[in-house]
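Colleague: I'm new to this one and could get lost quickly. Could you pick a single part and take me through it closely, with a bit of context on the way in?

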Amino acid sequence: MKKVLIIFGVLSLLIFIRPVLGLNTTTKDTNSQGIEQLENVENESFVSEAFEGIKQFYNYTGFANVTGGHLVMIIIGIVFIYLGIKFDYEPLLLIPIGAGVIIGNIPFVTGNMTGIYESGSVLNFLYFGVVKGIYPPLIFLGIGAMTDFSSLIANPKLMLLGAAAQIGVFATFMGALYLGFKLPEAGAIGIIGGADGPTAIFLSSKLANGVNILADGTTVKNLIGPIAIAAYSYMALVPVIQPPIMRLLISKKDRKIRMKPPRAVSQKEKMIFPVAALILTTFISPSALPLLGMLFFGNLLKESGRTERLADTARTKMIDIVTILLGVTVGASTQADIFITSDSLLIFGLGALSFVIATMGGLFFAKLMNLFLKGDNKINPLIGAAGVSAVPDSARVVHAEALKSDPHNYLLMHAMAPNVAGVIGSAIAAGILLSFLS
Amino acid sequence: MKKVLIIFGVLSLLIFIRPVLGLNTTTKDTNSQGIEQLENVENESFVSEAFEGIKQFYNYTGFANVTGGHLVMIIIGIVFIYLGIKFDYEPLLLIPIGAGVIIGNIPFVTGNMTGIYESGSVLNFLYFGVVKGIYPPLIFLGIGAMTDFSSLIANPKLMLLGAAAQIGVFATFMGALYLGFKLPEAGAIGIIGGADGPTAIFLSSKLANGVNILADGTTVKNLIGPIAIAAYSYMALVPVIQPPIMRLLISKKDRKIRMKPPRAVSQKEKMIFPVAALILTTFISPSALPLLGMLFFGNLLKESGRTERLADTARTKMIDIVTILLGVTVGASTQADIFITSDSLLIFGLGALSFVIATMGGLFFAKLMNLFLKGDNKINPLIGAAGVSAVPDSARVVHAEALKSDPHNYLLMHAMAPNVAGVIGSAIAAGILLSFLS
Amino acid sequence: MKKVLIIFGVLSLLIFIRPVLGLNTTTKDTNSQGIEQLENVENESFVSEAFEGIKQFYNYTGFANVTGGHLVMIIIGIVFIYLGIKFDYEPLLLIPIGAGVIIGNIPFVTGNMTGIYESGSVLNFLYFGVVKGIYPPLIFLGIGAMTDFSSLIANPKLMLLGAAAQIGVFATFMGALYLGFKLPEAGAIGIIGGADGPTAIFLSSKLANGVNILADGTTVKNLIGPIAIAAYSYMALVPVIQPPIMRLLISKKDRKIRMKPPRAVSQKEKMIFPVAALILTTFISPSALPLLGMLFFGNLLKESGRTERLADTARTKMIDIVTILLGVTVGASTQADIFITSDSLLIFGLGALSFVIATMGGLFFAKLMNLFLKGDNKINPLIGAAGVSAVPDSARVVHAEALKSDPHNYLLMHAMAPNVAGVIGSAIAAGILLSFLS
Amino acid sequence: MINLPLQIDTISEGYIILATGLFIVFSSLILLTVFFKLGVPALLNAYKALKSLGKKEEKKETSVVIKSEKDFTGETAAAIATALHMYFNEQHDNENAILTIKQARKLYSPWSSKIYGTHQKL
Amino acid sequence: MINLPLQIDTISEGYIILATGLFIVFSSLILLTVFFKLGVPALLNAYKALKSLGKKEEKKETSVVIKSEKDFTGETAAAIATALHMYFNEQHDNENAILTIKQARKLYSPWSSKIYGTHQKL
Amino acid sequence: MINLPLQIDTISEGYIILATGLFIVFSSLILLTVFFKLGVPALLNAYKALKSLGKKEEKKETSVVIKSEKDFTGETAAAIATALHMYFNEQHDNENAILTIKQARKLYSPWSSKIYGTHQKL
Ligand code: NA
Ligand code: NA
Ligand code: NA
């Protein structure tokens, strides 16, 4: 054994020593016949050639290609991660997205199949699920399998609050039109107001994907990245955005309204719900089929009582895998040269506006509903804010806000109803925009 | 903060009020120069335009496009779900398929990438795994990782019962030929008699996929949907179909035969089994490699004792994910305009026939074997019915039937042997049909 | 019910009896008009035709098409499985690869979409993740989510040992060039010395994929299979390869050096590590982004403390699924006619050399470092061997070797540092080779 | 080309979409509301009536379900809500550094099954 | 084209496939049967013989396996079969509605990790 | 074509890549080393300084972390290393054949949910 090793060792040493001894000239000699222009290369010393190699390699490194844009985006990525870790704002999304932003903004020389926009690269393959809108329905499947629609079934009228918050979608759509975006682009931007990440990615991958061609011959912009980032950022900031609006619009007295406990919901109703809701909502908005179909299919898996195994996989490992891939590729799609545009800034502005309007819409409509409700049927207008979706953060914000006015007013169960209705409402709105604009 | 909100609010109110005040004419004026034909549009009131929009949208809804076929299929989907929940018939498949049937029959206007047959739609991407036969081998991987072949190893002669039940496959194949189906189509239909969902989908995706071109220039029909639905439906109905046939063909006396307990099987035999069976079966039927290769690979993961981690994933989360995607897309592939044909009806008829013949084949062969077996080596002919596969339902039907004649005759362990042999037999039969007909 | 069954039975019997009774001549008669050349077929008896069918089928079986190469490879596959089970050598990889080798060497007739190299086959679809280098980054994601970099953070200078072992990569690269391989092929072969399976597959899928075209117009060879098999084989054999080299190069006295326990590492440092290391390493070697990006992203998921759910999925079910698919397809890619070449033999020879050189590089550099370190900062040179990566086997080999000289010298924690540094080093080396040679 | 409204008029088209869209979202959710207020109870009554005409065997099962449903009154719901409230106020503990290192032996095994294998048993 | 049997004769071709197919299925499963009746025991004996020529170190391990196998007689198998029978007759309980709602706090968290995070700890 | 170094000179090109590559690998890992020796402590101090300027509310949380970190001295690490050593020397037990068969009822259920369903409850 030792002998073998010694032979190996000597052999390998030979390989390393050769250039120093000039032994490899023999190899060159036998090969270089007839190729005269290589002569000058031979004259250069090995060290200077190696130096050339290092220089050449340096041109490939991030240090040689970095721009201010890259650094800005990397810092943004770090801030996302920091927010996720420090303040626990939607860490399951902000941390993968933040890491993705860093990954997407490592400077590289194109042609090596490194970047997310280079066809054939690994990131490009994983990004396929975003571009084709495949990840969002799979996320909705998992969400359906983890969502309990009981409070909505018990009090179906709260469904209207989920509709009211869609005012944010259409107002942002109008705002984007005023700012000069094309119709499909505006539609994709508007959906930020739906406060629903997968829906936003799904719709923008269909409307503002950089591929579709408009009636006037121009190509739509690829806005998937900015829209997704805006949607997730503001969803993470819901606990910051919503409370001041609530305090502004809802009076102290109204905030103290206690709602009667929801009635118990039978398992049969829970089983009927996903089937009936699937048929009704997709009959109205067939373009939302991938989202709503999967959402209610997932919920059926959960409520059937016979497919717990599948529901469990859908709401744990399956949604986790998709979340990881979605987060990192959406993040990486913010490559500086594509992301840092005035459009992205406008989209961030419109996104903030849309969350504000959506919250206001929900709150106003809740007040409006109270005009028609009597006695202990009256609702606490705060739960209107939960209609934006951003499940379950906005429901918890409502709960926390109500507790500040009355430490024994537990609104969480009630706020869940408009909250999940908001998800359905946004998906319907996405379907409407899709059938008008695609 | 409040001020910001007030500004936001006013701004957004402006957006909504504008059309009412006629403010947006300014925008139009600056743009409409030179485009005279828009004039008449301007004259229409905003309300009537919105009404036009609603009408236009209505044309996209399911209500406008629904046909009788859609409604029939949706009801079938609901029935599938009902059967799965109420009677616990194969719920892990009937519920996803039922939900898929509903999803696939929501009426929509083509062109929006909604339907499963529209290239680029999400459902179409997920359906890819069905069309290309990718899901079935992955299901077989999981099945291999959860199946214990001990009873088969202990009593290898019971393997023949799994062969006998394949008579159902070939008889159905002949029946389909008589009914006018082309050879490959008939082969795909025949495999329904294998009582094995993944095998049926795999073979039909290769033979009757709507893509292959026959020698006479015609294209084969796409029968994946009806074949898969028929296979899974009758598998779910095994507890209804098999008992009367058993009672008809097996005498009271024979039904009471007790079998001696199987010998214990060593771990080494269990490790050798998947490797040897993989080599032997695929040497005989190489076209069945994707199915049998994965089945025995999965079983090796289980029995090696070193890869429990991988086996566990294969038989839980991995198979669950594939089952969800397979079920919902197979269901959705029953889009009314493609599914409701006389072919589908014929296939359902042939499918019933094939289950009956397969069961009879197994029972007769078991009686035949008993002629050559002596003393306590005699087998209870009921276990022949388990040769159809439909694991483990038909084994349990056998067990239950034997208990009716003798409350202390436990056949379950014995019936598992022909049951898993039936899976192997069907996969071999599929390979034979594939190499003859593709 | 009985009546229905009897009718079914009679019908099916009719089908089987028909050819015996000559009933199907009617069918033929009505169809055969004008086709005279079929006449002679009619004259043949049914039995001889069936015999023809069996003969035809026999030509499709493995028995008819088997070659010596197939048998050799199948035996190799069985040996892999045996090694995995019996000696517990990397069973999670050897068993799937061994099963894959068997699956890939079942003889078949091309044209039925069976083989891994036939476009449209199931194995070909699963192999896509290997060819495009998608599986390795996903494996790295899981590895990141399961790796604790504490010992490296506590003692960053040990990182250099991970660099020293990369001498094996570059020496093998030179050796391959001397043996006549083209530059990109040599680069891919060299990475075997990185002792890191996913990195080897990733780089060979980019450099030696049988697709790229060189400057002189020739196409590179597809060496993914041999390289992957060599890398995984030698990784499995690390406990056999490394100890004699250690004993040869490190003196008894040095082997007894005890290292002071590493300092405790704070959670904050652990959180900063993946972000900082991601940015620094990929700035240096952007082509390694898919590997290093995913590795440190996975580690961030683990260390953030907020995304435990995602980290858990990444390091269990997700990595398991990818491992199964990677193992079986890499194994199956060793189809005899493609794998059994002199190139494969050379690659295996070079692979052995590379592991030896890498180990020697690590050991020598550790001795070198000791010249500059004083007192209890001195390191035990044995841990240099762990720099090859092959996590965690080589660290454990170091640990075991140290215990032989001093039964109370626990080096495991210390050896983990160069061990994980070796992973980073190999990925950087892969990026360097990729940017020079692609 | 002549018949297309062109995007010059995108703003008015936007308002039409706005009005139409809001109308549709509201009407669809109202439809759902009505269906669950009226349709589902009707369906369930019909189903119950249908079933009482049929076999009585499954009665026992049904009665159990109904019983557990009856037990679940609003009082219980309120209690649960309180519990939930308290639950959400819980703080996440910082991961214990020692624990992490103790567990490292399980995690430190990217490629080796020796540790992989034990992973499940613990 | 001339040499192709055309599908006019599909029925006879069908019968050939039927006969061939059944023959092959049977013969392949007979092959498997024979291999496991005769081949595997022969292989195992050969392996045992080979091993007894080699080292004796691993004897202990093997004997443990064999022992546990010997303990598992037919009697045990029958007992297990009975147990399985009883097991299969068990009824699924209806999911308790209260329990579902109690657990809702875990499920109600599509996008938020606060609840997601706790999911694993329970 | 003329400007390409051609692969005739692959060997020298190889040596250049060898030298360059080793240089880069070393320098990058040295960079990492330096960053973690100097950069990270500096960063952490800066962060701590920054934080002490800000709110004091979060102090408690931090102190807990630090405390548990302080508890984890080198002594503990040594103890853990010993434990790990002993752990790695453990042998895998052979899977018990009886157990496997006993569990078969759960595994024997490729397509049926009756057993699938119970899978999770056990
Ligand atoms: Na919403
Ligand atoms: Na079968
Ligand atoms: Na390495």
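Modeller: Let me start with the outline: chain D holds five helices and zero strands, and along its sequence the pattern reads α-α-α-α-α. Helices (H or I, at least four residues) and strands (E, at least two) are DSSP runs, numbered from the N terminus. Bear in mind that this is a predicted model, where local features need pLDDT of at least 70 and side-chain atom pairs count only at pLDDT 80 or more, while totals for chains, interfaces and linings use all residues. Residues are numbered from 1 along each chain as its sequence is written, chains are lettered from A and ligands numbered from 1 in the order in which they are written, and side-chain values use heavy atoms, with hydrogens and water left out.

Of the 122 residues in chain D, 43% are buried; buried means under 20% relative accessible area, exposed over 50%, and partly exposed in between (1.4 Å probe, protein chains only). In chain A, buried residues make up 70% of 438. Chain A has 24 helices and zero strands. Take its contacts (heavy atoms within 4.5 Å) between residues at least 6 apart in sequence: 74% of them join residues at least 24 apart.

The part I'd zoom in on is the sodium site. In chain A, five residues coordinate the sodium ion (ligand 1): Gly194(A), Val388(A) and Gly422(A) each through O, and Ser389(A) and Ser426(A) each through OG, at 2.1 to 2.9 Å. Donors here are N, O and S atoms within 2.8 Å of the metal (3.2 Å for Na, K and Ca), and water is not among the atoms, so sites may look incomplete. Written as a spacing, the donor residues run G-x193-V-S-x32-G-x3-S. Two of them tie distant parts of the chain together: Ser389(A) sits in the loop between helix H22 (342-372) and helix H23 (393-405), and Gly422(A), 33 residues apart from it, belongs to helix H24 (residues 412-437). Ser389(A) counts as buried because its relative accessible area is 0%, and Gly422(A) is buried too, at 0%.

Now hop over to chain B. There the sodium ion (ligand 2) is held by O of Gly194(B), Val388(B) and Gly422(B) and by OG of Ser389(B) and Ser426(B), at 2.1 to 2.9 Å. The donors of ligand 2 have the spacing G-x193-V-S-x32-G-x3-S. Gly422(B) and Ser426(B) are four residues apart in helix H24 of chain B, so about one helical turn separates them. Gly422(B) is buried at 0% relative accessible area, and Ser426(B) is buried at 0% as well.

Ser426(B) also takes part in a helix pairing. It is one of the H24(B) residues, along with Ala427(B), Ala430(B), Leu433(B), Leu434(B) and Leu437(B), that meet Thr199(B), Phe202(B), Leu203(B), Lys206(B) and Leu207(B) in H14(B). By class, that contact has eight nonpolar, two polar and one charged residues. The classes are simple: Ala, Val, Leu, Ile, Met, Phe, Trp, Tyr, Cys and Pro count as nonpolar, Asp, Glu, Lys and Arg as charged, and the others, Gly among them, as polar. The axes of H14(B) (residues 197-207) and H24(B) (residues 412-437) come within 10 Å and cross at roughly 5 degrees, so the two helices are roughly parallel. Axes are lines fitted to C-alpha atoms, for helices over the stretch in contact, with angles from 0 to 180 degrees between N-to-C directions; under 35 degrees counts as roughly parallel, over 145 as roughly antiparallel, 65 to 115 as roughly perpendicular and the rest as oblique.

What about the loop between helix H22 (342-372) and helix H23 (393-405) of chain B? Ile383(B) lies in it, and Ile383(B) is buried, with 0% relative accessible area. It touches residues including Leu158(B), Met259(B), Val398(B), His414(B) and Pro418(B), leaving out those up to four places away in sequence. Its C-alpha atom is 37 Å from that of Thr341(B), 42 residues apart along the chain.
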